[in-house]
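User: Could you walk me through this structure, one question at a time?

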Amino acid sequence: MYKVMIVDDEPWSRTVIKQLVKWDVLQLELIGEAEDGTQGLTMVEELKPDILVTDMRMPGIDGIELLKALNEQYPSLKIIVMSGYDDFVYLKQAIRSKVKEYLLKPVDPDELNASLNQCIRELQEAKHNSTMSLKTPLTFTSSASLDKYLEYRYLTYGYLLELNITGIKQTLDALLLFLEQIKPEIIGSNILIKIGDDYTFMLEEFVLTSELEWSQIVAELAQKQTQGAIWHSVENTVEQIGLMYNQVIESLKSARENRNKLDIGEVLTYINRHYKDSITLDSIAIHFYISKEHLGRAFKTFSGDTITDYINRKRMEKAKELIVEHKLAIKHVAELTGYTDLAYFYRVFKKHYGLAPGELRKENNNNNDNATSI
């Protein structure tokens, strides 16, 4: 279980984040909350969190100074930044400080949890890399043989992270030649079983950090494996290892390809549900795991509108409904349609309808009065 800390000077904002995170699903633990950057730095030193979720604009040490300090003192800490301001200066500092994600308030729960999940994967990979040589249960008759085996093991895991089937095949071919050369060392021992189990453990640990299910991978492998013991010879052991790794890579690539297939209907549904939030082309592209260029082109081809134009039109239609039919205060209408800046709302509204919100309401009231008198 990984430890999470939140830094934000607004109590309600910290409460929202706590409610949005899927703590049990992601196996995360909240260990502390800080009200500003100064307190945040002190608590990071004391509590040693794995992941930090922080606001940018705070009293005292603000987000920029906090990120600089954290990057220098705690380079392995995973940081997610959230801010109500789409400010390039802050974004640039976030990138320099190796921030994992920059989220605009109000924070989208899917984006937040996806960012946390990415942090978890990177933490698991780092932990795996740092302990790989300690976990291997193998005992060769010479340290030179063990070192050579670990070299192939490291290479295999590196290619696995890249989903590089060719690299894994070349490494396993080299491992096969190596094991054939040292056959006198391993005859009569159970070292092949240990090698098979070792590579299986490494693969299982990788799968657990992905979107795949290990139980499903095992079921698919069972259909392909030959009858009898799978680690009974050098050639068979390496062959079965290659089969397992290929299966995982193919399954993961397939899962990602299916995930990346863009359904414009789903995009429209998402926008219609969230247009009142601070959504943009960038944030929608992140939500659907595709590039913003591809999303923009596909949406324009499908609807004839850019995503920005579509969102603005949805907001304006809703704003008109709230002003004319529901008689809400214009300030509240702006808030309910995703505009935190009232002056900006006025400008957008007048550009869209040719009238200011109050003028449109007055004109509509006059038309209704005239219709009644007639």
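Analyst: Happy to! Let's begin with a definition: a charge sits over a ring if NZ of Lys or CZ of Arg is within 6 Å of the ring centre and within 35 degrees of the ring normal. This is a predicted model, where local features need pLDDT of at least 70, side-chain atom pairs count only at pLDDT 80 or more, and totals for chains, interfaces and linings use all residues. Residues are numbered from 1 along each chain as its sequence is written, and side-chain values use heavy atoms, with hydrogens and water left out.

User: Over the face of which residue does Arg315 lie?

Analyst: Here the charge belongs to an arginine, Arg315. At 5.3 Å from the ring centre, Arg315 lies over the face of Tyr339.

User: How is the pair of Tyr339 and Phe345 classed?

Analyst: Rings of Phe, Tyr and Trp (its six-membered ring) pair if their centres lie within 6.5 Å; planes under 30 degrees apart count as stacked, over 60 as edge-to-face and the rest as tilted. By this rule there are nine aromatic pairs. The centres of Tyr339 and Phe345 are 5.4 Å apart and the planes meet at 55 degrees, so this pair is tilted.

User: Is Tyr353 buried, partly exposed or exposed?

Analyst: Buried means under 20% relative accessible area, exposed over 50%, and partly exposed in between (1.4 Å probe, protein chains only). Phe349, which forms a tilted aromatic pair with Tyr353 at 4.8 Å centre to centre and 45 degrees between the planes, is buried at 0%. Tyr353 has 24% relative accessibility, so it counts as partly exposed.

User: In which helix do Phe349 and Tyr353 both lie?

Analyst: Helices (H or I, at least four residues) and strands (E, at least two) are DSSP runs, numbered from the N terminus. Phe349 and Tyr353 are four residues apart, about one turn of the helix, and both lie in helix H18 (residues 342–353).

User: In what order do the five strands form the open sheet?

Analyst: Two strands pair if DSSP finds at least two bridges between them. E3 (residues 51–55) and E4 pair in the parallel sense over five bridges, and E4 pairs with E5 (residues 101–104) in the parallel sense over four bridges. Four bridges also join E1 (residues 2–7) to E3, again parallel. The pairing in the sheet is parallel, and the order is E2-E1-E3-E4-E5.

User: Why is strand E4 largely enclosed by the rest of the structure?

Analyst: In a regular strand the side chains alternate between the two faces of the sheet. In E4, Lys78, Ile80 and Met82 point one way and Ile79, Val81 and Ser83 the other way, and all are buried. E4 (residues 78–83) is largely enclosed because the number of its six residues that are buried is six.

User: What is the handedness of the crossover from E3 to E4?

Analyst: A crossover is right-handed if, with the strands pointing away from the viewer, the path from the first strand over the helix to the second runs clockwise. From E3 the chain crosses through helix H4 (residues 63–73) to E4, and this β-α-β crossover is right-handed.

User: Which residues does Ser115 contact, leaving aside its neighbours within four places in sequence?

Analyst: Contact means heavy atoms within 4.5 Å. Ser115 is found in helix H6 (residues 109–135) and counts as buried at 6% relative accessibility. In E5, Glu101 is the bridge partner of Ile80. With those sequence neighbours left aside, Ser115 is in contact with Ile80, Glu101 and Leu103.
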